[in-house]
Amino acid sequence: MSELDTKFNSYYTDCRLSQLLISTFNTLVPDKSVKLYIDPSAGNGSFFYQLPEKKRLGIDIDPRLKQHHDYLFLKNDGFLSATRSSLGIENILQKDTVII
């Protein structure tokens, strides 16, 4: 594990596990009821890329991922200090949003 992996507490979910979890989630929550899926630690995209393309927002703090993924990158305080406005989603109701 590199120094940057340690700094950002990097962990990447195996795609087989994320596929199983997303599949299970989809049986419980109909997609039409969700306007936006947020992946607040998008990492390698194992969850993010399984979500509907027009309904997903990936967020991460690791700047090394910028060259590979189209995520919103936040400073080290990350998702917990973000507001709906700072994420650009102030017009989407909270009840219509799922955080993965």
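I count a residue as buried when its relative accessible area is under 20%, as exposed when over 50%, and as partly exposed in between, with a 1.4 Å probe and protein chains only. On that scale, buried residues are 36% of the 100 residues in the protein.

Entry 1, ground rules. I am working on a predicted model, where local features need pLDDT of at least 70, side-chain atom pairs count only at pLDDT 80 or more, and totals for chains, interfaces and linings use all residues. I number residues from 1 along each chain as its sequence is written, and side-chain values use heavy atoms, with hydrogens and water left out.

I took helices (H or I, at least four residues) and strands (E, at least two) as DSSP runs, numbered from the N terminus. The protein has two helices and four strands, and along the sequence they follow the pattern α-α-β-β-β-β. For contacts I used heavy atoms within 4.5 Å. Of the contacts with a separation of 6 or more, 48% are between residues 24 or more positions apart. I took accessible areas from the Shrake-Rupley method with a 1.4 Å probe; for residues, only the protein chains shown count as cover. The accessible surface comes to about 6,900 Å², and 55% of it belongs to carbon and sulfur atoms.

Two strands pair here if DSSP finds at least two bridges between them. In what order do the four strands of the open sheet lie? I read 3-2-1-4, with parallel pairing. Strand 3 (72–73) and strand 4 are the edge strands, each pairing on one side only.

I then went through the pairs.
- Strand 1 and strand 4 (residues 97–99) run parallel and are joined by three bridges; Leu 36 stands opposite Thr 97 in strand 4.
- Strand 1 and strand 2 (residues 56–60) also run parallel, with three bridges between them; Tyr 37 faces Arg 56 in strand 2 as its opposite residue.
- Strand 2 and strand 3 pair in the parallel sense over two bridges; Ile 59 has Leu 72 as its bridge partner in strand 3, and Asp 60 stands opposite Phe 73.

Entry 4, cover on the strands. I checked strand 1 (residues 36–39) and found both faces covered. Leu 36 and Ile 38 are buried on one side, Tyr 37 and Asp 39 on the other. Strand 2 is mostly covered, with four of its five residues buried.

Is Asp 60 buried or exposed? I list Asp 60 as buried because its relative accessible area is 10%. For polar contacts I required a pair of N or O atoms within 3.5 Å; within protein, one must be able to donate a hydrogen and the other to accept it, and residues adjacent in sequence count only if both atoms are side-chain atoms. The Asp 60 side chain reaches the backbone nitrogen of Gly 43 at 2.6 Å and the backbone nitrogen of Ala 42 at 3.4 Å. Leaving aside residues up to four places away in sequence, Asp 60 touches Pro 40, Ser 41, Ala 42, Gly 43, Leu 65, Tyr 71, Leu 72, Phe 73 and Leu 74.

I searched for a side-chain nitrogen of Lys or Arg within 4 Å of a carboxyl oxygen of Asp or Glu. How many salt bridges does the whole structure hold? The search finds two.
- Asp 14 bridges to Arg 16, with the closest N and O atoms 3.0 Å apart. Asp 14 is partly exposed at 35% relative accessibility, and Arg 16 is exposed at 65%.
- Lys 95 and Asp 96 meet through their side chains at 3.3 Å, N to O. Lys 95 counts as exposed because its relative accessibility is 67%, whereas Asp 96 is buried at 9%.

I built patches from residues with over 30% relative accessible area and no salt bridge, joining like charges within 9 Å and nonpolar side chains (Val, Leu, Ile, Met, Phe, Trp, Tyr) within 5 Å. Leu 17, Leu 20 and Leu 21 make a nonpolar patch of about 270 Å². Leu 20 is found in helix 2 (residues 15–28). Leu 20 counts as exposed because its relative accessibility is 52%.
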